[in-house]
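Please look over the chain shown below with its helix packing and its charged side-chain pairs in mind. The briefing that follows takes the charged pairs and the helix packing in turn.

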Amino acid sequence: MRDISEVPAVELINTVAVHLMSAAAVKLGLGDGPDATRELDLDEARKLITSLAGLITAAAPEVSDSHARPLRDGLRSLQLAFREASPIPDPIGKGPGEKWTGPVT
């Protein structure tokens, strides 16, 4: 176990982003287990995706493009998965995190 003071900021940002992505995927019913669809909770997924979008948008100028690009790609995939899972789709530009990322189509 490392002391947090020894962990570079980029690594912490990536770790937090991956945790948010994983949690959002689970809440979108995309988990690995046989009961994954029972985990579907769009309200929780929306909160996680919006938080992730804020983190990535704020952190992108501070980290290299090689770190930010995969995070943006993962975020976009979650935003599209949310749109697919939602029985009543949000208007374009009003989906989770789109305040920070712009419209996702």
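A salt bridge is counted here when a side-chain nitrogen of Lys or Arg lies within 4 Å of a carboxyl oxygen of Asp or Glu. The model is a predicted one, in which local features need pLDDT of at least 70 and side-chain atom pairs count only at pLDDT 80 or more, while totals for chains, interfaces and linings use all residues. Residues are numbered from 1 along each chain as its sequence is written, and side-chain values use heavy atoms, with hydrogens and water left out.

**Salt bridges**

- The structure holds eight salt bridges, and D43, E44 and K47 are joined in a network of such bridges.
- D65 pairs with R69, with 2.1 Å between the closest N and O atoms; both residues lie in helix α3, four residues apart, which is about one turn of the helix.
- Helices here are DSSP runs of H or I with at least four residues, and strands are runs of E with at least two, numbered from the N terminus.
- On relative accessible area (1.4 Å probe, protein chains only), under 20% is buried, over 50% is exposed and anything in between is partly exposed; D65 is partly exposed at 38%, and R69 is partly exposed at 45%.
- R46 forms a salt bridge with D90, the closest N and O atoms being 2.8 Å apart, and this pair links distant parts of the chain, since R46 sits in helix α2 and D90 in the loop between α3 (65-85) and α4 (98-101), 44 residues apart.
- Within that pair, R46 is partly exposed with a relative accessible area of 27%, whereas D90 counts as buried at 19%.
- The side chains of R38 and D35 also meet in a salt bridge, at 2.8 Å from N to O; R38 is exposed at 65%, and D35 is partly exposed at 40%.

**Packing of α1 and α2**

- The axes of helix α1 (residues 9-27) and helix α2 (residues 42-59) come within 8 Å and cross at roughly 155°, where axes are lines fitted to C-alpha atoms, for helices over the stretch in contact, and angles run from 0 to 180 degrees between N-to-C directions.
- The two helices are therefore roughly antiparallel, a term for angles over 145 degrees, with under 35 roughly parallel, 65 to 115 roughly perpendicular and the rest oblique.
- Contact (heavy atoms within 4.5 Å) involves residues including I13, L20 and K27 of α1 and E44, L48 and L55 of α2.
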